[in-house]
Amino acid sequence: MDEKTFKTIAGAGVINLVTGILAIVGGVTVGVLLLISGARLLKSRSKVMI
């Protein structure tokens, strides 16, 4: 393979890796925020009358 082709493929691999890591970190962050929000709702459910 040509060196230019190898560098292009390696660059695409790095971008895909970074995108994957960011997606995982974002998903974990959103999950934690949802858990905290749900815990607050459960904590205050005795105060709510429907």
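**Legends to the close-up views**

**View 1. Overall form of the protein chain.** The protein chain has a radius of gyration of 22 Å, whereas a compact globule of 50 residues would have one near 10 Å. The radius of gyration is taken over C-alpha atoms, and the globule rule is 2.2 Å times the number of residues to the power 0.38. This is a predicted model, in which local features need pLDDT of at least 70 and side-chain atom pairs count only at pLDDT 80 or more, while totals for chains, interfaces and linings use all residues. Residues are numbered from 1 along each chain as its sequence is written, and side-chain values use heavy atoms, with hydrogens and water left out. The C-alpha trace spans about 70 × 15 × 10 Å along its principal axes.

**View 2. Helix H1 of the protein chain.** The secondary structure comes to one helix and zero strands (DSSP runs numbered from the N terminus: helices are H or I, at least four residues; strands are E, at least two). H1 has 41 residues and reaches 60 Å from its first C-alpha to its last, close to the 60 Å expected (1.5 Å times one less than its number of residues).

**View 3. Start of H1.** A side-chain oxygen of Asp-2 reaches to within 3.1 Å of the backbone nitrogen of Lys-4.

**View 4. Salt bridge between Lys-7 and Glu-3.** The closest N and O atoms of this pair are 3.6 Å apart (a salt bridge is a side-chain nitrogen of Lys or Arg within 4 Å of a carboxyl oxygen of Asp or Glu). The count comes to one salt bridge. Both residues lie in H1, four residues apart, about one turn of the helix. Lys-7 and Glu-3 are exposed (relative accessible area over 50%; buried is under 20%, partly exposed in between; 1.4 Å probe, protein chains only).

**View 5. Nonpolar patch on the surface.** Ile-24, Val-28, Val-32, Leu-33 and Ile-36 form the patch, with about 470 Å² of accessible area together (Shrake-Rupley method, 1.4 Å probe; for residues, only the protein chains shown count as cover). Patches are made of residues with over 30% relative accessible area and no salt bridge; like charges are joined within 9 Å, and nonpolar side chains (Val, Leu, Ile, Met, Phe, Trp, Tyr) within 5 Å. Val-28 is found in H1 and is exposed, at 51%.

Note on methods
A polar contact is a pair of N or O atoms within 3.5 Å; within protein, one must be able to donate a hydrogen and the other to accept it, and residues adjacent in sequence count only if both atoms are side-chain atoms.
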